[in-house]
Amino acid sequence: MMRKKLVAGNWKMNGSLAQNRALLASLCQQLPILSCEVAVFPPFPYLSQASELLHGSSIRLGAQTLSEYREGAYTGEVAAGMLREVGCSYVLVGHSERRSLFAESDQAIARKFLAALASGLNPILCFGETLEERQAGVTLDVIKRQVLAVLACLDGGSWPQSAILAYEPVWAIGTGLTATPLQAQEVHAYVRSLLNQGGEEAGVAEVRILYGGSVRAKNARELFCQPDIDGGLIGGASLNVDEFLEICRAAT
Ligand code: PGA
């Protein structure tokens, strides 16, 4: 079993036409032939621009969220089919900022996840506990609730190989605090066991589970060495070309 590592750069609400052009040009130019996969997640208005700039490169494109609806009178929403049309292969679903700042529920997240799959986008389901939850010793319960909310909606309760998960402890996002490799590995192994529930799901060994939360060049390698960590979801450090490239190298 060989899972290809994925390094995903979540730009959040950052960038401009000029900044994106510079960042993507350097990435395309300097990214050596890597054995890992690399993807970037710019804000919606820049997806077309990024898609053009990445044309001919192996860097994949993703969006940061999507609508659960296919089309229609949903002002401000963006549909999965639109993301596909502008060249996205991936979409983040249930990022902690969506959950906490925009009140996305486990149920809404499950519907978005299904909408992504239905149009052929590969969803990346983000989940993770808050500091209070970790301190109260309920980390695995919270993660179980977040993952099962989606798993329960899937056909036959089986996780599709094209869908990815990303463990992002809320207390580690944008804080400079990182889960230790062992803390992260414990959660990743637990999540893989959850996906296996109800019998030996043949494909589960192939499902990728990323770690996110203050991943930097200096801590990436020891995280990516853990047996169940299949790459990273990188926020702040994805806006810095040198740092991001170093993280990509750590995944190879
Ligand atoms: P960070 O963000 O790397 O800045 O902590 C990670 C994320 O939110 O995906």
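This is a predicted model: local features need pLDDT of at least 70, side-chain atom pairs count only at pLDDT 80 or more; totals for chains, interfaces and linings use all residues.
Q: Is alanine 103 buried or exposed?
A: A residue counts as exposed when its relative accessible area is over 50%. Alanine 103 has a relative accessibility of 68%, so it is exposed.

Q: What is phi of alanine 103 near?
A: Alanine 103 is a residue other than glycine, and its phi is positive. The value is near 55 degrees.

Q: Is serine 214 buried or exposed?
A: You will find serine 214 in the loop between strand E7 (209-212) and helix H9 (217-224). Phi of serine 214 is positive, near 55 degrees, in a residue other than glycine. Buried means under 20% relative accessible area. With 8% relative accessibility, serine 214 is therefore buried.

Q: How many residues surround the ligand?
A: The closest residues to the ligand are Lys12, His95, Glu168, Gly174 and Ser214. Serine 214 belongs to the loop between strand E7 and helix H9.

Q: What separation do the C-alpha atoms of alanine 237 and valine 215 have?
A: Alanine 237 is in the loop between strand E8 (231-234) and H10. At 5% relative accessibility it is buried, and it touches Val215, Arg216, Glu243, Phe244 and Ile247, leaving out residues up to four places away in sequence. Alanine 237 and valine 215 are 22 residues apart along the chain, and their C-alpha atoms are separated by 7.2 Å.

Q: At what angle do helix H1 and helix H10 pack?
A: Two packed helices are described by the angle between their axes and the distance between those axes. Here H1 covers residues 17-30 and H10 covers residues 241-250, with the axes 10 Å apart. The angle is about 35 degrees.

Q: Is the crossing of H1 and H10 left-handed or right-handed?
A: On the H1 side, the contact is made by Leu23, Ser26, Leu27 and Gln30, and on the H10 side by Val241, Asp242, Phe244, Leu245 and Arg249. These residues divide into five nonpolar, two polar and two charged. The crossing itself is right-handed.

Q: With which side chain does the side chain of glutamate 37 make a polar contact?
A: Glutamate 37 is in strand E2 (residues 37-41) and is buried, with a relative accessible area of 11%. Residues up to four places away in sequence aside, it touches Lys4, Lys5, Leu6, Val7, Arg60, Tyr90 and Arg208. The polar contact, at 2.5 Å, is with the side chain of tyrosine 90.

Q: Which side chain is in polar contact with the side chain of arginine 192?
A: Arginine 192 is in helix H8 (residues 181-195) and is buried, with a relative accessible area of 9%. Its contacts beyond four places in sequence include Arg3, Val204 and Asp228. The polar contact, at 3.0 Å, is with the side chain of aspartate 230.

Q: How far apart are the C-alpha atoms of proline 169 and threonine 130?
A: Proline 169 is in the loop between strand E6 (164-167) and H8, and at 0% relative accessibility it is buried. Neighbours within four places in sequence aside, it is in contact with Gly128, Glu129, Ala179, Tyr211 and Gly212. Proline 169 and threonine 130 are 39 residues apart along the chain, with their C-alpha atoms separated by 6.4 Å.

How values were computed:
Residues are numbered from 1 along each chain as its sequence is written. Side-chain values use heavy atoms; hydrogens and water are left out. Helices (H or I, at least four residues) and strands (E, at least two) are DSSP runs, numbered from the N terminus. Buried means under 20% relative accessible area, exposed over 50%, partly exposed in between (1.4 Å probe, protein chains only). A polar contact is a pair of N or O atoms within 3.5 Å; within protein, one must be able to donate a hydrogen and the other to accept it, and residues adjacent in sequence count only if both atoms are side-chain atoms. Contact means heavy atoms within 4.5 Å. Axes are lines fitted to C-alpha atoms, for helices over the stretch in contact, and angles run from 0 to 180 degrees between N-to-C directions. A crossing is left-handed if the near helix is turned anticlockwise from the far one by less than a right angle, and right-handed if clockwise. Ala, Val, Leu, Ile, Met, Phe, Trp, Tyr, Cys and Pro count as nonpolar, Asp, Glu, Lys and Arg as charged, and the others, Gly among them, as polar. A residue is near a molecule or strand if one of its heavy atoms lies within 4 Å of it.
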